[in-house]
Amino acid sequence: MPKVLAGITISLDGYITGPNDGPGAGLGAGGERLHYWVFGGPWSYGSERGTPSPIDQRYLDEVFSSGGAWLVGRTMHDIVDGWGKDPGFGVPVFVVTHRPHETVVKGHTSFEFVTDGIEDALERARAAAGEKNVIVMGGGDLLRQYLAAGLVDEFTLTIAPVLLGAGKRLFDGIARTDIDFERYAVVESPFATHLRFRVASGG
């Protein structure tokens, strides 16, 4: 049965970006270190990037191949300028936003802007995904909303072994503390630890 998957990378001191994140620096000052695991080591904005370690590549391949649609927030979409001319998702992406925008098609990826809330966006994504999973990519605010609404089936928290000192925290502002996280796998790589959980609302 198709699932709703979510995941995000966090520093040891609890940040999902460094300070001053914005266009051209989506992970904030020093935040590139969070994604060393994605690019196999140091990288910077606008520079040539490496490839993940075999362990991280297997994890990424598993997630990407399982997804039939993606959900992202408008801030994330705008900060990365819609992932450029060829985003590479290859499946529909639904952008949750309060600001209407016409659908954008880039290569094999379509971006549909949904203004009727997270549940409507998820319904559209499920219809597009068919028998595949829906993946909540982020950012942090959107992920918190889906977790708080009890709409996430599995959640991966990727811990990067770095300290950022400041930035955005993942769970700031979340009101629910009755969400159950059942860890079912731990994936260790040279640059990160992927903690994989099944998610349920407590009672």
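**Salt bridges, a helix pair and backbone**

Modeller: Searching the whole structure turns up ten salt bridges, each being a side-chain nitrogen of Lys or Arg within 4 Å of a carboxyl oxygen of Asp or Glu. This is a predicted model, so local features need pLDDT of at least 70 and side-chain atom pairs count only at pLDDT 80 or more, while totals for chains, interfaces and linings use all residues. Residues are numbered from 1 along each chain as its sequence is written, and side-chain values use heavy atoms, with hydrogens and water left out.

Biologist: Is arginine 74 buried or exposed?

Modeller: Arginine 74 is buried, at 11% relative accessible area. Aspartate 78 is partly exposed at 32%. The cut-offs are under 20% for buried, over 50% for exposed and partly exposed in between, with a 1.4 Å probe and protein chains only.

Biologist: What else meets aspartate 78 in a salt bridge?

Modeller: Arginine 99 does, at 3.2 Å from N to O. Arginine 99 is in the loop between strand S4 (93-96) and strand S5 (104-106) and aspartate 78 is in helix H3, so this pair ties together parts 21 residues apart in sequence. Arginine 99 has 44% relative accessibility and counts as partly exposed.

Biologist: And where do arginine 124 and glutamate 112 lie?

Modeller: Those two form a salt bridge, with the closest N and O atoms 2.4 Å apart. Arginine 124 belongs to helix H4 (residues 118-129) and glutamate 112 to strand S6 (residues 109-114), so the bridge ties together parts twelve residues apart in sequence. Arginine 124 is partly exposed at 33%, and glutamate 112 is partly exposed at 25%.

Biologist: Which residues do shared partners join into one network?

Modeller: Arg74, Asp78 and Arg99, through salt bridges that share partners.

Biologist: Switching to helices. How do H4 and H5 cross?

Modeller: Their axes come within 11 Å and cross at roughly 90°, with helix H5 covering residues 140-148. Axes here are lines fitted to C-alpha atoms, for helices over the stretch in contact, and angles run from 0 to 180 degrees between N-to-C directions. H4 and H5 are therefore roughly perpendicular, the class for 65 to 115 degrees; under 35 is roughly parallel, over 145 roughly antiparallel and the rest oblique.

Biologist: Which residues make the contact?

Modeller: Ile118, Ala121 and Leu122 from H4, and Leu142, Gln145 and Tyr146 from H5. Contact means heavy atoms within 4.5 Å. The residues divide into five nonpolar, one polar and no charged. Ala, Val, Leu, Ile, Met, Phe, Trp, Tyr, Cys and Pro count as nonpolar, Asp, Glu, Lys and Arg as charged, and the others, Gly among them, as polar.

Biologist: Backbone next. Which peptide bond is cis?

Modeller: The one from glycine 138 to glycine 139, with omega near 5°. Glycine 139 is in the loop between strand S7 (133-138) and H5.

Biologist: What about phi at asparagine 20?

Modeller: Phi is near 60° there, a positive value in a residue other than glycine. Asparagine 20 is in the loop between strand S2 (15-17) and helix H1 (36-39), and is exposed at 70%. Tryptophan 83, not a glycine, has a positive phi of about 60°. Tryptophan 83 lies in the loop between H3 and S4 and is partly exposed at 22%.

Conventions
Helices (H or I, at least four residues) and strands (E, at least two) are DSSP runs, numbered from the N terminus.
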